[in-house]
Amino acid sequence: MKKWLALLLVVLSLVTLTACGGDKDAETNAKSILNAAEADCSSEDEPVSVSIKKISLLKTQTAHNKEYSYFLVKTDSYDWGYAELCEGEVVTFAVGYSRSDAKTRCEDLADYRTSKLGGIGQ
């Protein structure tokens, strides 16, 4: 019985690590993609280059048979922003907001994308 319990704990630990690692991999990939992209800025007329300090995956969803990912982004110089990526391509990237405003805009964008294209949020 103890062996089965130990085996179950090991399996659950691996599943947890894999799930957490998946978000970290997605965040790392998105960070490198977004560091190479220009962002729309709430206080600038032209797109700006940013240096990303921190990135957090908020949500993924499938819409119109494509995988969309939504990220909250902390920059070095433009406070907070949000990004929408579709299969590794930047769809929306905007900075220059407060953290709460960026999170709200990102969640609203995900809801909009689902309503326009139909899809399943995760």
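Which residues gather in a patch of negative charge on the surface? In this predicted model, the patch consists of Glu 38, Glu 44, Asp 45 and Glu 46, where patches are made of residues with over 30% relative accessible area and no salt bridge, like charges being joined within 9 Å. Glu 46 lies in the loop between strand 1 (38-41) and strand 2 (48-49), and its relative accessibility of 59% is why Glu 46 counts as exposed (exposed means over 50% relative accessible area, buried under 20%, and partly exposed in between, with a 1.4 Å probe and protein chains only).

Residues are numbered from 1 along each chain as its sequence is written, and side-chain values use heavy atoms, with hydrogens and water left out. Because the model is predicted, local features need pLDDT of at least 70 and side-chain atom pairs count only at pLDDT 80 or more, whereas totals for chains, interfaces and linings use all residues.

The chain contains 2 helices and 7 strands (DSSP runs of H or I with at least four residues, and of E with at least two, numbered from the N terminus), arranged along the sequence in the pattern α-β-β-β-β-β-β-α-β. Of the 122 residues in the chain, 31% are buried.

The structure holds 4 salt bridges, each defined as a side-chain nitrogen of Lys or Arg within 4 Å of a carboxyl oxygen of Asp or Glu. One of them joins Lys 24 to Glu 27, with the closest N and O atoms 3.5 Å apart; both residues lie in helix 1 (residues 2-35), 3 residues apart, or about one turn of the helix. Lys 24 counts as exposed because its relative accessibility is 54%, whereas Glu 27, at 11%, counts as buried.

In helix 2, Asp 101 and Arg 105 are 4 residues apart, about one turn of the helix, and their side chains meet in a salt bridge at 3.3 Å, N to O. A further salt bridge is formed by Asp 111 and Lys 59, whose closest N and O atoms are 3.9 Å apart. This pair links distant parts of the chain, with Asp 111 in helix 2 (residues 99-117) and Lys 59 in strand 3 (residues 52-63), 52 residues apart. Asp 111 counts as partly exposed at 45% relative accessibility, and Lys 59 counts as partly exposed at 24%.

Conventions:
Patch = residues over 30% accessible without salt bridge, like charges linked within 9 Å, V, L, I, M, F, W, Y side chains within 5 Å. Areas by Shrake-Rupley, 256 points an atom, 1.4 Å probe, with all protein chains shown as cover. Lys, Arg positive; Asp, Glu negative; His and termini not counted. Charge placed at Lys NZ, Arg CZ, Asp CG, Glu CD.
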